[in-house]
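Take a look at the model below. The text after it walks through the fold, one region at a time.

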Amino acid sequence: MNHLRADIKYATRSLWNARGFSLVAVLTLAIGIGANAGMFSLVNAVILRPLPYEDPERLVAVRTANPVRGVDSMDSSPPDYFDWRDQSDSFEELAAYWSPELNLTGNGEPERLLGAVVTWTLFDVFAVRSQLGRLFTEDEDSPGGEPVALISDGLWRRRFGADRSVIGRSITLNEVPRTIVGVLVPGFEFPLEGTEVWIPGRYSPTDPSNPTFEAADYRSFRILGVVGRLGSGVSIDEVRADLGTVAARLKGEYPESNDGYTVRVLGLHEHTVGSLRPGLLLLLGAVSCLLLIASVNVAGMILARGADRRREIAIRVAMGANARRVVGQLLVESSILALVGGILGCVGAYLVIPIMTVLAPASLPMSEAVRVDATVVFYAFGVTALTGVLFGLFPALYAATPDLAGALRQTANRLTTSARSLSGIGSLEARINNLRAIPGL
């Protein structure tokens with residue numbers, strides 16, 4: 001411990017004496033570590049962190065596919081949804097939805113909101129409850145049901161000032177008056193980030209609510225996303241086999257609309273992230289290369305600086321210093337540089353992440369969860385420790401194994417040259433004194 005304390009003190013003094021070098025090295029590392037931390041925070045929020053729902057591993061997305069036409073994922077029709085729900089035993093609950101934009105009028109300035117038309121079972125799928133009022137009932141989600149609406153916590157606070165008497169009040173959505181029956185808990189925004197109002201779909205298993213669609217074409221009206229919560233102990237493979245059987249049955253019963261169509265089941269997290277995973281991992285790899293380049297540059301700077309210190313280290317080794325101790329002391333210097341660079345990098349990532357989330361595309365899921373949390377900090381300091389070893393070890397080994405004889409010879413030559421210079425000065429002074437002693441001078 002005493003050795004470590006002495007090494008830290010010596011390294012700090014050495015780096016302070018080389019402030020220009022230290023500043024450039026720290027800023028170079030801060031850029032690389034900060035870019036890594038910022039990108040990892042995005043990967044962590046979108047890919048690594050589980051969905052913010054109860055038992056998220058049991059949530060699945062059910063999609064329609066048509067391999068004959070080369071379509072591997074598309075929405076489903078209301079009749080197919082009802083048949084999947086009624087004929088499958090694999091789900092605890094199944095729900096359908098789609099996401100229109102809705103015009104909110106009355107009670108203030110008109111506003112355009114992102115809404116969701118959902119079945120009443122959606123909130124059971126996600127185990128979501130209202131913080132005020134209640135959820136939809138099955139009757140309200142049936143054809144001819146009462147026009148009602150649920151609003152988000154954000155809309156309740158922004159538009160209604162968090163007034164608890166909002167329950168029972170009427171709002172107009174797309175020129176249809178609806179009664180607010182509940183306010184959902186904060187943070188629930190399914191199916192899209194920014195969803196602020198939910199209304200019941202009131203779909204029928206057999207008859208379209210839209211008069212422009214004939215009943216015969218109702219199964220071809222594929223507009224609904226479908227999500228489900230698996231039953232306890234049910235695997236995705238089991239539900240795939242179960243729904244595959246149902247799809248085969250529907251193909252035989254309704255060949256005009258269902259021939260060639262099958263069912264695809266994905267974990268909801270996989271469905272949400274989808275094609276974003278390769279791109280985000282590629283970006284993380286790119287900023288990791290940036291950190292590697294920064295580390296190599298700093299290692300080169302340390303090597304250049306170490307060339308001037310080889311005589312100092314050679315003298316220490318000649319006087320009996322342990323090479324392992326010398327390497328350790330040099331690694332302490334690189335670790336201090338990496339630590340300061342890591343701290344500055346985390347601060348930079350913390351400041352830049354809000355800008356990243358604003359500039360991120362609207363389709364990026366869970367971007368509101370991007371932040372510098374404990375996981376990101378641990379990652380950043382793990383990267384910092386690895387970086388300190390990466391750029392510090394080779395220069396330390398190189399500097400700690402000098403050409404002892406050559407370094408000492410150079411030192412001796414410098415001392416001899418200095419002595420000769422002093423001797424020459426003494427001889428010159430003697431000659432001047434002798435000249436002064438000559439008469440007439």
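Asp55 lies in the loop between which two elements? Asp55 sits in the loop between helix H2 (19-48) and S1. Helices (H or I, at least four residues) and strands (E, at least two) are DSSP runs, numbered from the N terminus. Phi of Asp55 is near 45°, a positive value in a residue other than glycine. Most residues other than glycine have a negative phi, and most peptide bonds are trans. Asp55 has 32% relative accessibility, so Asp55 counts as partly exposed. Here buried means under 20% relative accessible area, exposed over 50%, and partly exposed in between, with a 1.4 Å probe and protein chains only.

The ground rules come next. This is a predicted model: local features need pLDDT of at least 70, side-chain atom pairs count only at pLDDT 80 or more, and totals for chains, interfaces and linings use all residues. Residues are numbered from 1 along each chain as its sequence is written, and side-chain values use heavy atoms, with hydrogens and water left out.

Now the whole chain. The protein chain has 12 helices and 12 strands. Of its 441 residues, 43% are buried. Contact means heavy atoms within 4.5 Å. Among contacts in the protein chain with a separation of 6 or more, 78% come from residues 24 or more positions apart.

In H3, 7 of the 10 residues are buried, so H3 is largely enclosed by the rest of the structure. Those buried residues are Pro78, Pro79, Asp80, Tyr81, Phe82, Asp83 and Trp84. They pack against strand S1 (59-66), strand S3 (91-98), strand S11 (225-230), H6, helix H7 (255-258) and strand S12 (262-267).

Follow H3 to one of these partners. The axes of H3 and helix H6 (residues 236-253) come within 10 Å and cross at roughly 130°. Axes are lines fitted to C-alpha atoms, for helices over the stretch in contact, and angles run from 0 to 180 degrees between N-to-C directions. That angle makes H3 oblique to H6, because angles under 35 degrees count as roughly parallel, over 145 as roughly antiparallel, 65 to 115 as roughly perpendicular and the rest as oblique. On the H3 side, the contact is made by Asp80, Asp83, Trp84 and Gln87. H6 contributes Asp242, Leu243, Val246, Arg249 and Leu250. An α-helix has 3.6 residues a turn, so residues three or four places apart point the same way.

Gly231 is found in the loop between S11 and H6. Gly231 is buried, with a relative accessible area of 13%. Leaving out residues up to four places away in sequence, Gly231 touches Arg58, Ser90, Phe91 and Glu92. The C-alpha atoms of Gly231 and Glu93 are separated by 7.9 Å, although the two are 138 residues apart along the chain.

Ala127 is found between helix H4 (122-125) and strand S6 (130-133). Ala127 has a positive phi of about 55° although it is not a glycine. At 30% relative accessibility, Ala127 counts as partly exposed. Pro191 is found in the loop between strand S9 (176-184) and strand S10 (197-200). The peptide bond from Phe190 to Pro191 is cis, with omega near 10°.

Last, the cysteines. With a disulfide taken as a pair of cysteine sulfur atoms within 2.5 Å, the count comes to 0 disulfides. Cys289 counts as partly exposed at 44% relative accessibility, whereas Cys346 is buried at 13% relative accessible area.
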